[in-house]
Amino acid sequence: MAAALKTSAIILRVADFLKGFPPFSYLPDEALLELARSGRVQFSEKGEILFDQGTAHGRYFYVINKGSVRLVRGEKQKLSDLRGPGDFVGAGAVLGEESHTDSALVDEDSILYALDVSVFTRLCTESPRVGRFLKVYFASEEVDTGTAQRSGPSGWRGGTEKHLARLQAGLVAGAASLTVREAAEAMRAADNPVFLVVEAGENPAGVLTDTDLRNEIATGRVPTEAAVNDIMRRPVITVSPQTTPQNALLAMIRHGIRHLCVTEDGTPQSRALGMISERSISLSQRRDPLALVQEIRRADSPSSLRTMGGELDLLLAGDLPSPDDVPWCTHLAAETRRAMFRRVESWAREKAGPAPGSFALALTGQAGRGELLTATNMAAAGLTSEDEKTRTWTQDFLGRIDEGLAAAGFPAAPAAIPEEAGARCRTVGEWCEFFRSLVRDPMGGEIWQQMAMFDLSVVAGDPALLETVFTALRDEMAARPNFIRLLANDALGNLPPVTIYEGYAVEADGLARETIDLQDHALGPVSDVARVFHLDGGDLGTTGTLERLAAAAVRFPQGADIFAQGARAFRVAQYFRAGQGLRDGDDGHELRPAALSRTEQVQLKSAFRDIGALIAFTANHYGFKG
Amino acid sequence: MDSKADPRYVVFDCETTGLDPSKDGILTIGAVAVRDGEICLDDEFDAILSDWRMTSAVLVHGITQAEAATGETEAQAVNKFLDYVGDAVLVGHHVGFDQKIVAHAARRLGRDLPNPALDTMRIALALEERGAFEGREIRGFDLDNLGALFDVEPHDRHTASGDAFITAQIFIRLERMARKAGIDLATLLEGDEEPADAR
C-alpha cells in the first residue's frame, strides 16, 4: 500500500492486511488507513465470548487476523457460521441492526482487529460496492462480484436496453383485401421485407414476408392479383414495447419465426406499433442464438447436434456474468435444448413411422422444469392412448429417441429416472393409476424416488393426454390433504452446509467436506420446496422453480420475503453450477469451495443461509419442528 | 505503578547508530500504546530522525537517505516522544537499552525519562520459572522466538515500528499469562538506572 511517510508502519500493517479481503479491498487506501487507525488489536483465547446474541452493538466490530470465531444462535447454540482470517463479526450495526443476531465465541486463540463501527459505517455509505457486499454478508442481497461489468453495451445482452423501441423497423401495413402485387409494391418502396396486414383499428391480422412472395408468387402457385388474405400467415405473434430483446428472441425461437409485431399492449387485440426482425435483434446482440436454433432444426446427424450443444455451452458460458443472468440464460438453454430434443425426435419419427394412436412425450425432473443450463438427461416419459399397439409404438419411439440423445451428447438417465424406455411409457389410464396410488400410499410407492415425475412437461405429441393425468392427480390430492404435508416433510431432508470455512463446506454438526453437491444440497432442496407450495396451490402445469417460488410468494404472502430469498439462492447456486459445468463439460453439480474466490465464497454462503431459511419456513408452515 | 489499576503501557523500540547509549544516536522510534490488554492503533508514535543519515547503521535498518532527509531533528523527535509517552509504563524487549538511549537524548534536551519500564524478556523468564510455558516448544526468549511461540507475523522486523508492533502483540499475551500465573507485573518493573542488557 502506498502511503505518505507520516503514516505509521503499524497502521500500514493493519491496513495492508485488511486490503487483502473484501469488502475492505474495495475501499481506497486513505479510507483503509482511517479505519485501521480507529481500532484496537486484541488477543482472545479459545472459549471467550466476544458478544452475546440479543445484546446491543458496541463501539467496535471485529476482523479476524488469526484464528477463528464461531457464530451460534439460540438456546442450543446452533452453529450459524464459522469465520476465519479476513472475515468479520459483529458488524450488523453497519446495516442498522440494533442488537447482535448471534453470539460470537472464539473458536481458537485469535488475534482480532476491533475496528470502529461508526467509521466503517461512514466509509460504507461512501462506497456503494462495500454496502452491497455487506448486504450479501448478512444474506439480504446478491453480491457484486465485479464481473457484471463484462455485460456492457457491447455484450450479448444489449446493455441496459429495456425495451424494443430502438429496434423497431418502420411499419408497412395495409388491409387483407389488397392484392399481393400491391403489398409487394409497398414493401419494395419502403425497402422492408415484411408487410403487416391490419384490420379495423390497426390491429395486426396477418403477416406477409419476402419468403412468402418467393415461395408462393415466384413459384407461380398463387397469382400476383390474389388477395393478401390468401397467403398471409396468421396468427401474428405479438409482443409489447416493454418486452426485452432477450424475450423477443425467445418468442422467435419458440414460434420458429423471424419477425414479431409490437403492439400497444402486447396482444393482437391492440394497435400495431412496428415490426421487430431477428436481424435487428441479432445486430444489437452480436451473437445469434436464433441462428444456432435454426442450425439445430436443420442438423443432419446426432453428432452435428453434439457440436451445436458445445456451441450452446460456449454461448451460455459467455452470457452468464452474474446470477442475475440465470433466468434468461435458463430460458434460452431450455428452448435450445428442447429444439435439440425435437430434432432427435423427428429422426426417430422417420424411422418409427406414423403413430397408430394418440401419444405425448413429456420431459421430467430438471428437464421438465426447463432447468437445462448445463446438458442434463432429457429422458422423456411416454403417455399413450389405451391401445397396446400405440403403447408398443411409443415405447419403441422413446427407445430410438434415447439412442439419438445419447449420440447427441446428452448424459445418461440419473437413478431417479428409469433407464428403460418401457418403464417410462404408460397409457393414460396407467399413469392416472400410478399417480393415484402414489398419493394414496406415498411410502409404499417410494415417492422420494418419483419426485421427478411431478415435473412433467409435454415436449411432443398431444398435451391433452397429460391434462387427463393431471386431472386425476389433482382429484386424488384434493381427497388426501395430508399428502402435501408428507411431500413437505420429504423436502426437508437435504440441508445445505452452514458455511464455507477455509475452503471447506461445514455442516451443522461441524463436519467439513471438500466438495459440495450443489444439486443435492442447494438446488434440489429449493426445487423440492417450490414443488410442495406449487402442488399445495393446486397447480400441476409445470413451470420452473423460480416461477413456482414467485407464484408461492403471491399465494402465501406471509412467506414472500423468504420465497424471494430462496429464488435468489437458487439463481446463485445455478450460476455456480452452470459456471463449473459449462467450463468442465459436465453438469457441474460437484463444487470445490476452495476453488472459489473469497467473494464467491461469501456469495455461496449467503445462498446457503437463504436456503436454510426457506427450509425452516417450510417446516414451520407445515407444522414440523425446525 | 498501582498493581490494581490497568495503566497505559507504551510499547516502543528504537533503531540506533550503535550499542553505546552514551555515544550513539537514535535513527527511528516506533511505539504503540496498550490499554486494557488491547493495542490501541489510535495511540501510536513513529519518528525518523534526520541527524544520523550518513552512518552505516542506516543500511542495517534499511532507512533510505531520502527517508532520513525528510525526518526530524533529534530534539524535535525526542521531545515529541517524551510528550507522547507521558506517565505511561514503558515496555520493550530488552527495554533497558532503548530506555537508556532515549534518556540520554532527553538529558541533552534538559529533560528526563523517569518512567518505569517492563521488559518482555523478563516477563517471559518469570513465566518460564512458574512453568507457564509447559507443554509448549520454546527455542529461546528473543523477539523472534517469542514471536514464533505466539504465532506473531515477523512483518517489518528490524524497523522500530515493526519491532514495537511485534513486541506489543507478544506483550498482550504475556500480560494475560502473567495474570493467570499470579505474577504482578509491578514486581518486574525496571528504572532507567539499571544496567542495560547486552543487545
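## Exercises on a two-chain model

The buried residues of helix 19 of chain A pack against helix 12 (326–352), helix 18 (518–536) and helix 20 (560–584) of chain A. This is a predicted model, in which local features need pLDDT of at least 70 and side-chain atom pairs count only at pLDDT 80 or more, while totals for chains, interfaces and linings use all residues. Residues are numbered from 1 along each chain as its sequence is written, and chains are lettered from A and ligands numbered from 1 in the order in which they are written.

**Exercise 1.** Find which residues of helix 19 of chain A are buried, and where around the axis they lie.

*Solution.* Begin with the term: a residue is buried if 20 or more other C-beta atoms, placed from the backbone, lie within 10 Å of its own, exposed if 12 or fewer, and partly exposed in between. Helices (H or I, at least four residues) and strands (E, at least two) are DSSP runs, numbered from the N terminus. In helix 19 (residues 545–555) of chain A, the buried residues are Thr545(A), Leu546(A), Arg548(A), Leu549(A) and Ala552(A). Because they cover an arc of only 160° around the axis (taken from the directions from the helix axis to the C-beta atoms), they are on the same side of helix 19 of chain A.

**Exercise 2.** Describe the side of chain B that touches chain A.

*Solution.* Take contact first, which requires C-beta atoms, placed from the backbone, within 7 Å; on this basis 23 residues of chain B are in contact with 17 residues of chain A. Next, the elements of chain B that give two or more residues to this side are strand 2 (26–35), strand 3 (38–48) and helix 7 (160–181). Finally, the residues on this side divide into six nonpolar, eight polar and nine charged, where Ala, Val, Leu, Ile, Met, Phe, Trp, Tyr, Cys and Pro count as nonpolar, Asp, Glu, Lys and Arg as charged, and the others, Gly among them, as polar.

**Exercise 3.** Work out how strand 1 of chain A pairs with strand 3 of chain B.

*Solution.* Two strands pair if DSSP finds at least two bridges between them. Strand 1 (residues 40–44) of chain A pairs with strand 3 of chain B in the antiparallel sense, over three bridges, and Arg40(A) has Cys40(B) as its bridge partner in that strand of chain B.

Note on methods:
Contact = placed C-beta atoms within 7 Å.
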